[in-house]
Amino acid sequence: MKRNVTYEPIVKEKTLIERNDSENLYQVKVKLQDGTLCRVFYNHGEKSISRLLTIPCPICRKDFICKCLNRFADQIDSQVNLPEMLAE
Ligand SMILES: [Zn+2]
């Protein structure tokens with residue numbers, strides 16, 4: 001299968017930094033293998049990713065806000081495995 005993108009996010013560290021079960025809101029701080037830091041927000045099952053501006057984006061190389069990582073939300077989410085983190 002041909003792939004459009006070669007970027008492959010690999011989650012190295014993950015920390016649950018916000019947990020609000022009654023509001024169904026969660027926030028996980030993630031460090032990727034390439035050093036990218038981001039936060040994954042879960043809002044009623046909707047996930048979004050915001051990159052921390054510590055190093056340039058690994059995809060577009062911008063050092064300001066971009067939406068690139070959101071294209072990889074499913075890949076990052078599957079490695080974060082929120083249900084498993086909530087069970088700990
Ligand atoms: Zn980018």
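Reader: Leaving aside its neighbours within four places in sequence, which residues is V30 in contact with?

Author: Start with the ground rules. This is a predicted model: local features need pLDDT of at least 70, side-chain atom pairs count only at pLDDT 80 or more, and totals for chains, interfaces and linings use all residues. Residues are numbered from 1 along each chain as its sequence is written. Now the idea: two residues are in contact if their C-beta atoms, placed from the backbone, lie within 7 Å. With neighbours within four places in sequence set aside, V30 touches V11, K14, C38, V40, I76 and V80.

Reader: Which elements make up the chain, from the N terminus on?

Author: Helices (H or I, at least four residues) and strands (E, at least two) are DSSP runs, numbered from the N terminus. Here the order is β-β-β-β-α-α. That comes to two helices and four strands. The radius of gyration, taken over C-alpha atoms, is compared with a globule rule of 2.2 Å times the number of residues to the power 0.38. The chain has 13 Å, close to the 12 Å that the rule gives for 88 residues, so it is as compact as a globular protein of that length.

Reader: In what order do the strands of the sheet lie?

Author: Two strands pair if DSSP finds at least two bridges between them. The four strands form an open sheet in the order 1-2-3-4, with antiparallel pairing. Strand 1 and strand 4 are the edges, each pairing on one side only.

Reader: How many bridges join strand 1 to strand 2?

Author: Eight bridges join strand 1 (residues 11–20) to strand 2 (residues 25–32). Look at the partners across this pair. K14 is opposite V30, E18 is opposite Q27, and R19 has Y26 as its bridge partner. Four residues lie between the two strands of this hairpin, and N24 takes a positive phi near 60°.

Reader: What joins strand 2 to strand 3?

Author: Seven bridges do, in the antiparallel sense. V30 has C38 as its bridge partner in strand 3. This hairpin also has four residues between its strands, and G35 in the turn has a positive phi of about 95°.

Reader: Which residues of strand 2 are on its covered face, and which on its uncovered one?

Author: In a regular strand the side chains alternate between the two faces of the sheet. In strand 2, Y26, V28, V30 and L32 are on the covered face, while L25, Q27, K29 and K31 are on the uncovered one.

Reader: Which residues form the largest nonpolar core?

Author: In soluble globular proteins, nonpolar side chains tend to be buried together. A nonpolar core is a set of buried Ala, Val, Leu, Ile, Met, Phe, Trp, Tyr and Cys residues joined through C-beta atoms within 7 Å. The largest one has 11 residues: Y26, V28, V30, L32, C38, V40, Y42, I49, L69, I76 and V80. Strand 2, strand 3 (37–43) and helix 1 (73–80) each give two or more of them. Strand 2 gives the largest share, four residues.

Reader: Is L69 buried or exposed?

Author: A residue is buried if 20 or more other C-beta atoms lie within 10 Å of its own, exposed if 12 or fewer, and partly exposed in between; C-beta atoms are placed from the backbone. L69 is buried, because 24 other C-beta atoms lie within 10 Å. L69 sits in the loop between strand 4 (46–51) and helix 1. Beyond its neighbours within four places in sequence, L69 contacts C38, I49 and R51.
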